[in-house]
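Look at the structure below and follow one chain from start to end. Then turn to the ligand and see what surrounds it.

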Amino acid sequence: MSTTAKGQILDFIRGRYPQAEIDESQDIFALGFVNSLFAMELVMFVEKTFEVTIPNEELRIDNFRTADAMSGLVSRLAPDLAVA
Amino acid sequence: MTLTGTVPATAAGTGPVTDRRSARAFVDTHVVPYADAYDRSGRVPEELLRRVAEAGLWAPFLPPDSGGAGMDMVTLGEIHEEVGRGCSSLRSLLTVHTMVSWTVQRWGTPEQRERWTAALGRGDTLGAFCLSEPGAGSDAAGITTTATPTGAGWVINGVKKWTTGGQRADVFLVFARTPTSIGAFLVPKDTPGVEVLPIDDMLGTRASMLAEISFTDVALGPDALLGPSGFTAGMVLTGTLDLGRYSVAAGSLGILQACLEASASYAARREVGGRPLAELPLIQAKLSDMVTDARAARLLVAQAGRLKDAGESATIMATWVAKYFASTAAARHASEAVQIHGANGCAPGSPVARFYRDAKVMEIIEGSNEVQRITIAGQAERETTR
Ligand SMILES: Cc1cc2nc3c(=O)[nH]c(=O)nc-3n(C[C@H](O)[C@H](O)[C@H](O)COP(=O)(O)OP(=O)(O)OC[C@H]3O[C@@H](n4cnc5c(N)ncnc54)[C@H](O)[C@@H]3O)c2cc1C
């Protein structure tokens, strides 16, 4: 299990879609499996795991395209968190 | 709790409803004796809607400063079960109001929350949920209602159908196609261009005051849009439906519990060939299955509620599973409850006949049986394919 934000996010995505081979810079939307249910789960996962509230204006596709982008979002919202 | 799951009610049935016990008292006093009359008249009367408001039942999960009581989701589920035990039409009205109130609270800007939540929490403003259309039900992506951005806000055009509470609601949460996605819009009923056409005489939840609602060049300000636009707009719908599904799961369990209580009581009283029905093995088999399924459904609903309270994303699938199990169990056992009651179960004003009709609706709304199965199987497939 990863301890970095990026790693935890990747673990979550891989856990839900084990057949998808994704890395931290891969555009998950381009893989075609992101539906609104998964988007909701992803946002809930990020909010719960990193104890942040994502404001509406941050709910932009570019913040969720890749694990890199999501961990960037987390570090903006929770600067104290050790995100590598 | 007893074997049939009965919780003793508190005596009065008055005062605020804060937990299962006070909900049971409220429902036994104000709902159960009249539910068949509501079903026949096709309306939940204003007096009951007012009592629901006085009991603080419309949106108790809202924070106290927004007209709620900060209630947790497990307790909310228990209360919706109790209401569903008494009257699925009232529970349906609560469900859609819950969906609207939660969505405003979750996605609204401070200004939108300021404008709507207190009135929704108090039940001064009642909400309804408009997704389905004459041409699109299960396939939500197929909706054709449009929201067109204008310099000054939005213009909505389209027709929504099967809107629970649509005859009575003050504000509609309307899902419409925007140029980029599907957005959620708050539309006050009195906005010019909104027309409400009652749909009466449904098979079940007959008192839930359904309507078809048409929107013709309905002009709204920029603050009508709830939540983000763009890709995550779909999440607003997912979250709204998730909560609706949770409430329907709890309400279905309520129907099942009502079937169990009615059947156990009837089987003890009714004699055939000098023996009470309750002594006949075939009837005992039906009752034991009701007891078991009611308990299983209650655990699934509570699990989904606990995951909601913990903010765990696993609540979404847990809620699908709870709703699938509870709605199908309610339909199955409502049929058996009518069977146990024989002709009396088919008679005018028979509560089990009402449960039977209402339970069928639960297999269709908030994701039909088929859609539930497709979603649950999809999850199983994803989790096991490596
Ligand atoms: C009493 C009542 C209250 C309602 N209240 C509301 C409300 O408040 N707001 C609102 O927006 N809507 C409401 N609805 C509408 C409800 O959400 C829809 O009826 C439901 O989504 C199903 O859509 P449909 O009726 O158009 O059926 P369809 O989508 O036309 O489906 C017909 C049948 O085909 C099945 N089916 C669909 N897709 C598939 C598939 N891929 N594979 C296999 N089978 C499939 C369905 O399960 C169903 O059995 C209400 C409906 C009822 C009956």
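Residues 20-123 of chain B are 71% helix and 0% strand. The end C-alpha atoms of that span are 20 Å apart. This is a predicted model. For residues 20-123 of chain B, UniProt lists "domain: Acyl-CoA dehydrogenase/oxidase N-terminal", in an unreviewed entry.

Two further spans carry names from the record. Residues 128-218 of chain B are listed by UniProt (unreviewed entry) as "domain: Acyl-CoA oxidase/dehydrogenase middle". That span is 0% helix and 51% strand. Its end C-alpha atoms lie 17 Å apart. Residues 236-377 of chain B are listed by UniProt (unreviewed entry) as "domain: Acyl-CoA dehydrogenase/oxidase C-terminal". Here the figures are 82% helix and 3% strand. The end C-alpha atoms of residues 236-377 of chain B lie 24 Å apart.

**Domains**

How is chain B divided? The division gives domain 1 (20-125), domain 2 (128-230) and domain 3 (233-384). The C-alpha centres of domain 2 of chain B and domain 3 of chain B lie 29 Å apart. Their contact takes 19 residues from domain 2 of chain B and 13 residues from domain 3 of chain B.

**The ligand**

Where does the ligand lie? Domain 2 (128-230) and domain 3 (233-384) of chain B both give residues to the shell around the ligand, so the ligand lies between them.

The ligand is surrounded by 19 residues. The closest are B:Ser132, B:Ser138, B:Trp162, B:Ser368 and B:Glu370. By class, the shell has 11 nonpolar, seven polar and one charged residues. Three elements of chain B each supply at least two residues of this shell: strand E1 (127-130), strand E3 (153-163) and helix H11 (369-384).

The table lists three pairs.

| Residue | Protein atom | Ligand atom | Distance |
|---|---|---|---|
| B:Ser138 | side-chain N or O atom | oxygen | 2.7 Å |
| B:Trp162 | polar backbone atom | nitrogen | 2.7 Å |
| B:Ser368 | polar side-chain atom | oxygen | 2.4 Å |

B:Trp162 uses a backbone atom. B:Ser368 uses a side-chain atom. How much of the ligand does the protein bury? Taken alone, the ligand exposes 970 Å², and the protein buries 63% of that.

Technical notes: Residues numbered from 1 in each chain as written. Chains lettered and ligands numbered in written order. Predicted model: local features only at pLDDT ≥ 70, side-chain atom pairs only at ≥ 80, totals over all residues. Heavy atoms only, no water. Near = heavy atom within 4 Å. Polar contact = N/O pair within 3.5 Å; in protein donor to acceptor, adjacent residues only side chain to side chain. Areas by Shrake-Rupley, 256 points an atom, 1.4 Å probe, with all protein chains shown as cover. Helix = DSSP H or I, 4+ residues; strand = E, 2+ residues; numbered from the N terminus. Nonpolar A, V, L, I, M, F, W, Y, C, P; charged D, E, K, R; others polar. Domains from an automatic or database assignment. UniProt positions renumbered as here; feature names shortened; annotations may be inferred. Contact = heavy atoms within 4.5 Å.
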